[in-house]
Amino acid sequence: MTATRIIEILRNSQPDETVTIQGWVRTTRELKEFTFMEVNDGSSLASLQVILEPSIPNYGTLVKQLGTGASVQVSGVLVSSVGKGQRIELKASNVTLYGEADAQTYPLQKKRHSFEFLRNIGHLRCRTNTLGAVMRVRNACAAAIHQFYQERGFIWVHTPIITANDCEGAGELFTVTNFNLNNIPRKKEDQTIDYSQDFFAKHAYLTVSGQLEAEVMAMAFQNVYTFGPTFRAENSNTSRHLAEFWMVEPEMAFCDLEGDQNLAEAFLKHIFKTVLEKCPEDMEFFNDRIDNTVLATAENIINNEFGRITYTEAIALLEKCGKTFEYPVEWGVDLQSEHERYLAEEHFKKPLIVTNYPKTIKAFYMRLNDDDKTVAAMDVLAPKIGEIIGGSQREERLEVLERRIIEQGMIPDDLWWYLDLRRFGTVPHAGFGLGFERVVQFMTGMGNIRDVIPFPRTPQSAEF
Ligand code: 4AD
Ligand code: MG
């Protein structure tokens, strides 16, 4: 008999059905006449209650072995539950024990563990309620993202992880090399590494963004998106930064900044709406246990238009709001997370899109505005998180782009292929990048970004 997932049983099954389940024991409670056992299989937050009666084969030995963490298969008949908390439970007729988990050494106890503690047992933490719910919501978010773009005819393109360019120009690159670290060939004169001897015969890095390659693809397919891992060696030990994170980057030909903002807003609304529909129990759990504003925030996003202001207006608002910030504001400075959060949490009380930032604080590829001072950039700022999306209309004019590359201290020849896109059939185009973990964090209310990705990579930590 094939096993049924517990979520199916809890949602759809009726008393008297015969079923088999497979999963891991959460708890057992031995009473005089029988034993209660909670089994979880990862398909839902709720476990299925199993009743073990002494009539089942090996009862005496089994109840001693079925501790928290043990893996089992249980067959039996479903019965209506008399106890509160569940509608249905399973009366076991047969139990197979796959693997015991020694109660003395199994790190997950019945009690509540701190997230810090759980990070040290990354190989086991997804068996807990909270991390389990996070990973299911993460999965639903990923599915919603693909659904959104696929329904709109966007092509999912796979951009490289190893690349020669620093898209953001921020120097936060991890270098890729096949040199044996003990035997790095160096140029005699200056002791710098001689990359001509290396695998790619030049500098190679882990990508910080798939955008430039996505632009290549948009110039062939019009509307494309990437969804893959990106890497940043920024030494920011915060609750919102990872060294390895996933990014979703749509890129659209024949699109301007206005179209870009409209897509970003529709996109976030779609993700929230879909996850609420797909994971109602998990979302309620977050609202009850993690952050009691999670459901209201989701409704707010789905039902209200995002705020939209220019950078210049944002600075004016911050200057006259009367708050003292750690980083003072004046026109020209980059918005810090305290400023972003003030705007989203206290002023707008909902997500907002800030556009047209000074060119000096943004990347070389953003389209220069007619004022010659600002670029057609946009950031989506969310309450509690700050920047969740960063994007722009791209500079499609060859001469302007070459000038901007030089202004930013970069070398146009390094980007000859990118400039070619402006030489041959250039069009106005725009796109953005959504930080996938930031959206999962925003949706679940989880305080630390390390707890919304299965295997977080942060400074001084990459356990396995
Ligand atoms: O604003 P960013 O740097 O934009 C780009 O990389 C563009 N090339 C995207 C594009 O236009 N196609 O990064 C985009 C988003 C940020 O808004 C943020 O949500 C997330 O990526 N992000 C991070 N998330 C987790 N950890 C980090 N270290 C992150 N850095 C950026
Ligand atoms: Mg940004």
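The domain assignment divides the chain into domain 1 (6-106) and domain 2 (127-173 + 208-451), with bounds that come from an automatic or database assignment. The structure is a predicted model, in which local features need pLDDT of at least 70 and side-chain atom pairs count only at pLDDT 80 or more, while totals for chains, interfaces and linings use all residues. Residues are numbered from 1 along each chain as its sequence is written, and chains are lettered from A and ligands numbered from 1 in the order in which they are written.

The centres of domain 1 and domain 2, taken over C-alpha atoms, are separated by 45 Å. Their contact takes 5 residues from domain 1 and 7 residues from domain 2; two residues are in contact if their C-beta atoms, placed from the backbone, lie within 7 Å. On the side of domain 1 that touches domain 2 there are 3 nonpolar, 2 polar and no charged residues. In this classification, Ala, Val, Leu, Ile, Met, Phe, Trp, Tyr, Cys and Pro count as nonpolar, Asp, Glu, Lys and Arg as charged, and the others, Gly among them, as polar.

Ligand 1 is surrounded by 23 residues, the closest being Ser209, Gln211, Gly390, Gly433 and Gly435; a residue is near a molecule if its C-beta atom, placed from the backbone, lies within 6 Å of it. Strand 10 (244-253), strand 14 (386-393), strand 15 (429-435) and helix 13 (436-444) each supply at least two residues of this shell. Strand 14 gives the most, with 6 residues. Helices (H or I, at least four residues) and strands (E, at least two) are DSSP runs, numbered from the N terminus. By class, the shell has 7 nonpolar, 9 polar and 7 charged residues.

Helix 13 also takes part in the packing of helix 7. The buried residues of helix 7 (residues 280-289) are Asp282, Met283, Phe285 and Phe286. A residue is buried if 20 or more other C-beta atoms lie within 10 Å of its own, exposed if 12 or fewer, and partly exposed in between, with C-beta atoms placed from the backbone. Seen down the helix axis, the buried residues of helix 7 fall within an arc of 155 degrees, so they line one face of the helix; the arc is that of the directions from the axis to the C-beta atoms. These buried residues pack against helix 4 (129-151), helix 6 (257-278), helix 8 (294-303) and helix 13. The face turned away from the buried side carries the exposed residues Pro280 and Asp288.

Tyr311 is found in helix 9 (residues 311-319). Tyr311 counts as buried because it has 23 C-beta neighbours inside 10 Å.
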